[in-house]
Amino acid sequence: MSKTVNIDWKTLGFKYIKTDLRYVARWKEGRWDRGELVEDNTLRISEGSTALHYGQTCFEGLKAYRTKEGKIQLFRPDANARRLQESCRRLLMPEVPMETFIDACMQVVRANEHYVPPYGTGATLYLRPYMIGVGDNIGVAPAPEYIFSVFCIPVGAYFKGGMVPVNFTVSDHDRAAPHGTGAVKVGGNYASSLMPHHLAAEKGFADCIYLDPATRTKIEEVGAANFFGITADETFVTPQSPSILPSITRASLVRVAKDYLGMKAEERDVYIDQLDQFTEAGACGTAAVITPIGGIEYKGQLHVFYSEKEVGPVTKKLYDTLCGIQFGEKEAPEGWIYEV
Ligand code: PLP
Ligand code: COI
């Protein structure tokens, strides 16, 4: 490592920090250019860009981890590449080939290596790949040009405190329509979540829980993370629905629960009025990692799972095993780790 940066790794939250270099590629007339690393963290785009008016934007989130030996590794970037392709297909955007996506992530991590937090601090380097529709346009139509970019930021905990329980409230708003864009990672889903998040935060909650938009009886998402509950017989339960974002962390936890911890795992309906079945609950995602859910407020009542203060033992086991894999302390299933 040649360069050093003056960052207090242990107190990092989830905030924008300008790092040195980002990858930018442009698509025009049916093809991507070669892409390059640039210093400028601003983009000059047409005022007619579809990203500005019609929400033709999608993104991803993944992390680079520093291991005990000082190596750097990405966790399942191929899964993020595939999910970005899904988002692109849904918004009629050109897909980024998997190799380009992974190569762009690798280039960005290498170019900003001094921003990868040291092992043992709990912090990581968050990568934000995104694509936007740009170019001169005014009708509601796919853009004539696109930009694919990847930048990175060193981050700590997404929810205040990290592995400490936080409370959520059930939102009166829906995050996604029954046959809408809930299962892809597109900008509009997040624009519409700003108000529900604001209302939850005003009431003192970390974020809100979204119910299924068709019947409003089942849990779908926990803000920008998926929900999981643990039953008394140690089954990992997570909701199934076509309007949930298929979380890569959640898919990994299903595997961890079954193959590493000998638990059962089920994807099924989780009714909001049947929370008693769970002895513990949590939110999972790249940014959230695993955040224990202290309680959920619904119709004026707070349902507490394990404790509002302490992490439950199964949630802790899941967290330790997943992080152990991500930071290279535990052997990973084949294909999960990409050394930078
Ligand atoms: N759900 C939503 C709405 C999200 O934005 C995210 C974050 O990416 C997740 C779930 C978790 O997905 P992942 O584990 O792939 O980061
Ligand atoms: C992630 O976990 O990567 C997210 O996208 C969550 C949020 C910051 C939007």
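A206 touches F159, V166, N167 and F168, leaving out residues up to four places away in sequence; contact here means that C-beta atoms, placed from the backbone, lie within 7 Å. A206 is buried, with 23 other C-beta atoms within 10 Å. A residue is buried if 20 or more other C-beta atoms lie within 10 Å of its own, exposed if 12 or fewer, and partly exposed in between. This is a predicted model: local features need pLDDT of at least 70, side-chain atom pairs count only at pLDDT 80 or more, and totals for chains, interfaces and linings use all residues. Residues are numbered from 1 along each chain as its sequence is written, while chains are lettered from A and ligands numbered from 1 in the order in which they are written.

**Where A206 sits**
- A206 is placed in the loop between α5 (194–202) and β10 (207–211). Helices (H or I, at least four residues) and strands (E, at least two) are DSSP runs, numbered from the N terminus.
- From A206 to M263, 57 residues along the chain, the C-alpha atoms are separated by 29 Å.

**Nonpolar cores**
- The largest nonpolar core has 41 residues. Such a core is a set of buried Ala, Val, Leu, Ile, Met, Phe, Trp, Tyr and Cys residues joined through C-beta atoms within 7 Å.
- F168, L253 and L318 have the most contacts inside this core.
- Helix α7 supplies the largest share of the core, five residues.
- A second, separate core of 39 residues includes A81, A123, L125 and V155.
- Beyond its neighbours within four places in sequence, L253 is in contact with F228, F236, C284, L318 and L322.
- In soluble globular proteins, nonpolar side chains tend to be buried together.

**Helices α6 and α7**
- The axes of α6 (residues 248–260) and α7 (residues 313–326) come within 10 Å and cross at roughly 105°. Axes are lines fitted to C-alpha atoms, for helices over the stretch in contact, and angles run from 0 to 180 degrees between N-to-C directions.
- The two helices, α6 and α7, are therefore roughly perpendicular to each other. That label covers 65 to 115 degrees; angles under 35 count as roughly parallel, over 145 as roughly antiparallel and the rest as oblique.
- On α6, the contact is made by S252, L253, V256, A257 and Y260; on α7, by L318, T321 and L322.
- The residues of this contact comprise six nonpolar, two polar and no charged. Ala, Val, Leu, Ile, Met, Phe, Trp, Tyr, Cys and Pro count as nonpolar, Asp, Glu, Lys and Arg as charged, and the others, Gly among them, as polar.

**Ligand surroundings**
- Ligand 1 is surrounded by residues including E221, N226, S247, I248, T249 and R250. A residue counts as near if its C-beta atom, placed from the backbone, lies within 6 Å of the molecule.
- Helix α6 gives the most to the shell around ligand 1, with three residues.
- That shell has four nonpolar, six polar and two charged residues.
- Ligand 2 is surrounded by G61, A224, G285, T286 and A287. Its shell has two nonpolar, three polar and no charged residues.

**Exposed loop residues**
- E29 lies in the loop between β1 (22–28) and β2 (31–32). E29 is exposed, with 6 other C-beta atoms within 10 Å.
- E29 has a positive phi of about 50° although it is not a glycine. Most residues other than glycine have a negative phi.
- K299 lies in the loop between β16 (289–298) and β17 (301–304). Phi of K299 is positive, near 50°.
- D276, in the loop between β14 (264–268) and β15 (278–285), counts as exposed with 9 C-beta neighbours inside 10 Å.

Conventions: Contact = placed C-beta atoms within 7 Å.
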